[in-house]
Amino acid sequence: MSLNSPALLHDENSQGPKGNTECLEGLELQTPASFQDNPLQQLQLASQEVLEKAKRSGRSKCPRCSSSRMFYCYTCFVPVETVPTKEIPTVKLPLKIDIIKHPNETDGKSTAVHAKLLAPDDVTIYKYPCIPEYEEKRHEIALIFPGPNSVAVKDIASHLQKYSKKGVCGNHDDCSGEPFLKQAKIEPKEETNLNECVSSNRNEGTSLKKIIFIDSTWNQTNKIITDERLQGLLQIELKTRKTCFWRHQKGKPDTYLSTIEAIYYFLVDYHQEVLKETYQGQYDNLLFFFSFMYTLIKNAKCCAGKE
């Protein structure tokens, strides 16, 4: 498998305009000629007028921690006071998503929070090393990560058949033996029956119930991917796509996706290739914040004469 199209999520330690907030607050939405090849223009998004109003108002307080933020609080995972929750779209996902953040990943630079804001019932963010145990349910969980044993999204169902509840012991021949010493961990919360019922029929073609994403730079990934709690999970590699992320890592190919892009593209492929359903923009609003910020930052670069 090529590492030029990793499902690694590189939201930090990358290149982008400095002082974004100050620059963005004085800009109006435009559509410069250089944007005509913008793949985000085709998205079926909810009205972003609420974000435009918030941009004109400037930074606002988080309703929980009172910190000054733009659009949303990346610590509390809630919109700021000038962005009413009722005006933010909510996306229902066909399965649960766990995002494992590297402890050195800067909260304010990561797009992982977008997923939590827009699909709050289906997305959980963990800060490594505090992650759940996955071993007993690995027959219904997959990890987005490129590698020699990774499989394509279309092959998820056939490969998960190898994982049954009888075989969760994996490579450990003696399942009754003493458990390995673990790093700090937390148990996954009970998920509501209502959410499971909504997507149960759509999951009949696959036993996949949860997908895991790693939110870190490429250089930070090894510490997480080698954790014993992630061993034995089916690994998925995404198709090659070019990123639109404005904090692209210096020296890395443009196929290194941001967290929210990787989540979005996986779900689109999963919808079409596993659920076998026509995609009609069901998950486009996952890029609600991302597309808005992308346009503003592109405009900022244009105004600064960088494009």
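Helices (H or I, at least four residues) and strands (E, at least two) are DSSP runs, numbered from the N terminus. On that basis the protein has eight helices and nine strands. This is a predicted model, in which local features need pLDDT of at least 70 and side-chain atom pairs count only at pLDDT 80 or more, while totals for chains, interfaces and linings use all residues. Residues are numbered from 1 along each chain as its sequence is written, and side-chain values use heavy atoms, with hydrogens and water left out.

**Overall**

- Of the 307 residues in the protein, 51% are buried, where buried means under 20% relative accessible area, exposed means over 50%, and partly exposed lies in between (1.4 Å probe, protein chains only).
- Contact means heavy atoms within 4.5 Å. Among contacts between residues at least 6 apart in sequence, 81% join residues at least 24 apart.

**Aromatic rings**

- Rings of Phe, Tyr and Trp (its six-membered ring) pair if their centres lie within 6.5 Å; planes under 30 degrees apart count as stacked, over 60 as edge-to-face and the rest as tilted. The count by this rule is seven aromatic pairs.
- Phe71 and Phe292 make an edge-to-face pair, because their ring centres are 5.6 Å apart and their planes stand at 90°.
- Phe71 is in the loop between strand 2 (68–69) and strand 3 (72–73) and Phe292 is in helix 8 (residues 288–303), so this pair ties together parts that are 221 residues apart in sequence.
- Both Phe71 and Phe292 are buried.
- One aromatic cluster is formed by Tyr72, Phe288 and Phe289.
- Arg69 has its charged end over the ring of Tyr74, 4.1 Å from the ring centre. A charge sits over a ring if NZ of Lys or CZ of Arg is within 6 Å of the ring centre and within 35 degrees of the ring normal.

**Helix 2 and helix 8**

- Axes are lines fitted to C-alpha atoms, for helices over the stretch in contact, and angles run from 0 to 180 degrees between N-to-C directions. The axes of helix 2 (residues 49–57) and helix 8 come within 11 Å of each other and cross at roughly 50°.
- Helix 2 is therefore oblique to helix 8, given that angles under 35 degrees count as roughly parallel, over 145 as roughly antiparallel, 65 to 115 as roughly perpendicular and the rest as oblique.
- The crossing of helix 2 past helix 8 is right-handed; a crossing is right-handed if the near helix is turned clockwise from the far one by less than a right angle, and left-handed if anticlockwise.
- Val50, Leu51, Glu52 and Lys55 of helix 2 make the contact with Phe288, Phe289, Phe292 and Leu296 of helix 8.
- In helix 2, the buried residues are Val50, Leu51, Glu52, Ala54 and Lys55.
- Gly58 follows helix 2 and has a positive phi, near 90°.

**Backbone and loop residues**

- Phe71 is not a glycine, yet its phi is positive, about 75°. Phe71 counts as buried because its relative accessibility is 4%.
- Lys276, also not a glycine, has a positive phi of about 60°. Lys276 is in the loop between helix 7 (259–273) and helix 8, and is exposed, with a relative accessible area of 66%.
- The peptide bond from Tyr128 to Pro129 is cis, with omega near 15°. Pro129 lies in the loop between strand 6 (123–127) and strand 7 (141–144).
- Pro84 lies in the loop between strand 4 (78–79) and strand 5 (96–101). Its relative accessible area is 29%, so Pro84 is partly exposed.
- C-alpha to C-alpha, Pro84 is 10.0 Å from Phe71, and the two are 13 residues apart in sequence.
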